[in-house]
Amino acid sequence: MEDVFHQPAVWYDGESAIRHEGEAHWDGSDTLSLRGFSGSMEVDFADLVYGEERGGELVYRRSSVPDFRLILPEDLPAGLAAKLPAKAIYGAWIDRMGLGKAAVILGAASVAAVALFMTAPEWLGPRVPESWERNLGQAMVGDMGGRLCHTPAGDAALAKLLAKVDPAEEKVRAGVANIGMVNAVALPGGQVMLFDGLVQDAETPEELAGVLGHEVGHVRERHVMTALLRQFGLSILLSGANSGMSETLFGLAAMGYSRDAEREADEFARKRMAESDVSPLGAASFFERIGGDAEEDKGGEANAVIGWVSSHPDPRERAKAYRAAAKGKTFGPVLTEAEFQAIKTMCEEDPDVEEFDFGFF
Amino acid sequence: MYQEDIQADSAFGFDGNWKDFAKIALPNLLLTLVTLGIYRFWATTRERQYLWSHTRFVDERLEWTGTGKELFVGFLLVMLLFAIPVFGIQFVAQALILRGYEAAGAALGILPILAIFYLTGVARFRALRYRLSRTRWRGIRGGSDDQGLGYGLSYMWKTFVGYLPLGLAIPWSMTSLWNERISKMSFGPYRFESDADPANVFARFLLFYLSPIIFFIGAIIAGATGALAGYGLGGEEGMQVGIIGITIFLLLFFYIGLGLIAVAFYAKFYREVVGSTHWKDLHFGFEASTMDWVKLLIGDALIVVFTLGLGFVFLSYRHWKFMVTHLEAGGDILLDELTQSTTATARHGEGLLDAFDIGAF
C-alpha cells in the first residue's frame, strides 16, 4: 500500500473570512483532500497555483477560485513538494535563467538599445524623406506669422543671392527675420532665416552669401532633421515640454549641429560659391570679425555673436579655409550695391512686419 | 460563531526584517538598472508581496496579489491616453504661437495643466482603490465601485476653495477630501467611513500658518538687536558679525524650524483622519507623534547619505513598517458575516499615480 501524507493545512474558501484548519491528505493521486472540523474539500493539483512564501509557509491559490488560499508548511515531504507548483521568485524566465545570467543579457540588450537610441539621429535623419521634413516644418513654424521682412526689391535681391548658393530646382525658402541679433538659423522644412542684426552687420553681399550658403548647406546635408531628431530624443529623455515663442525659437536655434556638420555646411557653401563665381573672401572677413569680437568684446551685441560662434568651430580656422578657397581666383560682385541696400533696408521699409515679442511669456 | 475580540492586543503587527528585505530590494535594483527601469513594476510588486506578507492583522497575514504586468500595462495606458495627447497639444500650442496666435496658443497650453490637476485627484483615488483591491486578508479583499472620476472634480474644487481664504481653509479641504475618498472604499462586504473634523487640526495648521509671520517680526527685532549687540561689542565690524549670525539663524529656522512645524501638522493630521476612520464596528487609530515622524525622516536622511544613496531602496520598507507599527484598531469583527467583496476590480494598476509620482495617502 502506498504512503499517505498528512500535513497540517489552513485554507480559506475565498467566499468568507472563515479560517479552515485541518490536514491535507495525499494518497499519490491527482487530488489533494483537505479535511477539517469546519468542512472538507478536494482540490486538483492541476488547479493549484503558487502564490508566495511567507514566514516558513507556502501559499497556494486556485485558478478556478482566485481568492481560495491554501497555506502549507514550507518543509513538505519531497513527493508532495514535487507534485505542487514550483516556486517563482523574480517571475517567469528570469527564474529559469538565473539572476546573474538574466542581468547580463538584459544589461547587454539595454546598452544596445541606448546605443541605437543615441545614434538614431545620425543615421535616421538623412533617411527621412524631404517631403516629411517640409510638412513637419510647416506644422512647426509655418510662415512665422508675418515676422519676416518683405519688400519687392529686397525679395528679388535675396532670391538672386539664394540662387547663387542653392542651385537646386526646388529652392529652400529664405527670409530675413525682424530680429536684431547677429544670427542665422536653418529651420525644419527647408527654411533658412537670416536675422536682421546679421544683415546690418554684414559689410559686403559676399558675407551674406557665405552665411546663407552655410545655412542652405545644413538643409541640403539633412543636418536639420538630424538635429531635430536629437532634440526630440532629448525632450523625451528629459520629458521637458517647453512652451512659448522665444523658447521654441531659441530651442531650434540652439539645437546645435556637430562640428562635422558645421564643416560639411561650410564645404557646401564654398562649393556652391565657387560654382557661382562668388568670392569666399566676404565670408572669411565675416568670420575674422566675429572671431575677433568674441575675444575682445564683452558687452551688448557681442554676446549674441558669441552665442552663435560658441556652437561653431573656431571662426579663425573657418576664415582660413574660406581664404584658401579664394587663392589665385578673381570674382565678380554677387549683388549690385542697390540690391545689397535693398536687403539691408527690408525690415525698415516693410510696413506690415511684426515684432518678435520675446517678452510675451 | 467566530468572533474576534481584538482589544487585548495591537491589531497590527510587522515581523519583517531589513536583511530579508535587502534580498528582495537589491536584486530588484540590479534588474531595474539593467532593464532601463522597466523592471521597476515587477520590483514594486515583489517589495509589496514581502511587506504585505509580513504584516499581521489580528491573527492572519495580509497578502498582496497585484502583479508587475498590470502595473506595467497601467503605465503604458497613461502614456498612451495622457502623455501623447499632452505632447500633441503642446505641439499645436507652439505652432499657434509661432503663427502669431499667442492668446489661443497660451489658452491651449493651459489645458494640460488643468488636466493634470484633475487627474492628480483621480489618481489618488484610484491608487487607494487599486491597493485595497489587491490586498487579501483571510482570502477577502477590498475595493470600490466608484471610478474616482467624481472625486477628481471634488479634488479640484475643494483644493481651490481651500486656498481661496488666504489658505486658511486648507485643513478643511484636506480632511474633507480624506473623508470623501475613504467613504467610497470598502473591504469585504462593509464600507469604510470617516468623519474627520478639520477643527481638530486647525490649531496646528495655524501654528504653521502664523509662525513665519511671527518669526518675520521677531527676525526684524532680533536682527536689530543682533546688530546692536554686535555694534556694542565690536563696533562696525561687530555689527556685521551680528547681522551674519542672525541671518544664519534665520535660514536655519526657515528650513528646519518650518519643516518641523509642518511635520507637527502632518502628524496631527494623520492622527485625526485615521482616528476618525471606521469599518463596521472596528475603529482605527494612528499613534505616531511628531517626534516619531522626525525620527523617521532623520533616519531616512542618514541612511541615504551614509550609503551614498543606495539606502533609498530601504525607504519603502521603513515607511511601511512605520505605518503598520503605529496603526491601531479596536472593536469587533464578526467573521461569519465577513464575506467576499463584490466590488469591481480594475484590471490595470496605478499607472496614473505612478506617472505623477504621488503616494496613495
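**Entry 1: chain B as a whole**

I began with burial in chain B, where buried residues make up 35% of the 361 residues. I note here that the model is predicted. For the secondary structure of chain B I found 10 helices and 11 strands. I then looked up the extent of the chain: along the principal axes, the C-alpha atoms of chain B fill a box of roughly 80 × 65 × 45 Å. Next I took the contacts in chain B between residues at least 6 apart in sequence, and 68% of them join residues at least 24 apart.

**Entry 2: where chain B meets chain A**

How many residues of chain B are in contact with chain A? I found 36 residues of chain B in contact with 37 residues of chain A. Several elements of chain B each supply at least two residues of the side that touches chain A, among them helix H1 (18-34), helix H2 (40-53) and strand E4 (60-64). Helix H4 (102-133) and strand E6 (140-143) of chain B are also among these elements. The largest share of that side, 8 residues, comes from H3(B).

**Entry 3: confidence in chain A**

I checked the pLDDT of chain A before going into its details. Its mean is 78, and 82% of the residues of chain A reach 70 or more. Over residues 239-247 of chain A the pLDDT is below 50, and this stretch has 20 contacts in the model beyond near neighbours in sequence. Residues 293-310 of chain A also have a pLDDT below 50, with 17 contacts in the model beyond near neighbours in sequence.

**Entry 4: nonpolar cores**

I looked for the residues that touch the most other members of the largest nonpolar core. In this core of 56 residues they are Val176(A), Leu194(A), Leu208(A), Leu212(A) and Ile343(A). Helix H7 (residues 205-220) of chain A gives the most to this core, with 6 residues. I listed the contacts of Val176(A), leaving aside its neighbours within four places in sequence, and they include Leu148(A), Leu158(A), Leu194(A), Val199(A) and Ile343(A). Asp196(A) is also in contact with Val176(A). A second, separate core has 42 residues, including Phe21(B), Leu51(B), Val122(B) and Val324(B). As background, nonpolar side chains tend to be buried together in soluble globular proteins.

**Entry 5: helix H10 of chain A and two partners**

I took H7(A) and H10(A) as one pair. Their axes come within 7 Å and cross at roughly 120°, and the two helices are therefore oblique to each other. The crossing is right-handed. Among the residues that meet here are Ala209(A), Gly213(A) and Gly217(A) in H7(A), and Ala265(A), Phe268(A) and Ala269(A) in H10(A).

I then paired helix H10 (residues 259-275) of chain A with helix H13 (residues 315-326) of chain A. They pack at an angle of about 25°, with their axes 11 Å apart. Why is H10(A) called roughly parallel to H13(A)? Angles under 35 degrees count as roughly parallel, so H10(A) is roughly parallel to H13(A). This crossing is right-handed. Asp266(A), Arg270(A) and Ala274(A) in H10(A) meet Arg318(A), Ala321(A), Tyr322(A) and Ala325(A) in H13(A).

**Entry 6: Leu80 of chain A**

I ended with Leu80(A), which is found in helix H1 (residues 78-83) of chain A. Not counting residues up to four places away in sequence, Leu80(A) touches Phe5(A), Gln7(A) and Trp26(A). I also looked up Leu32(A), 48 residues from Leu80(A) along the chain, and their C-alpha atoms are separated by 9.6 Å.

Conventions: Residues are numbered from 1 along each chain as its sequence is written. Chains are lettered from A and ligands numbered from 1 in the order in which they are written. A nonpolar core is a set of buried Ala, Val, Leu, Ile, Met, Phe, Trp, Tyr and Cys residues joined through C-beta atoms within 7 Å. A residue is buried if 20 or more other C-beta atoms lie within 10 Å of its own, exposed if 12 or fewer, and partly exposed in between; C-beta atoms are placed from the backbone. Helices (H or I, at least four residues) and strands (E, at least two) are DSSP runs, numbered from the N terminus. Two residues are in contact if their C-beta atoms, placed from the backbone, lie within 7 Å. pLDDT is the predictor's confidence in each residue, from 0 to 100. Axes are lines fitted to C-alpha atoms, for helices over the stretch in contact, and angles run from 0 to 180 degrees between N-to-C directions. Angles under 35 degrees count as roughly parallel, over 145 as roughly antiparallel, 65 to 115 as roughly perpendicular and the rest as oblique. A crossing is left-handed if the near helix is turned anticlockwise from the far one by less than a right angle, and right-handed if clockwise.
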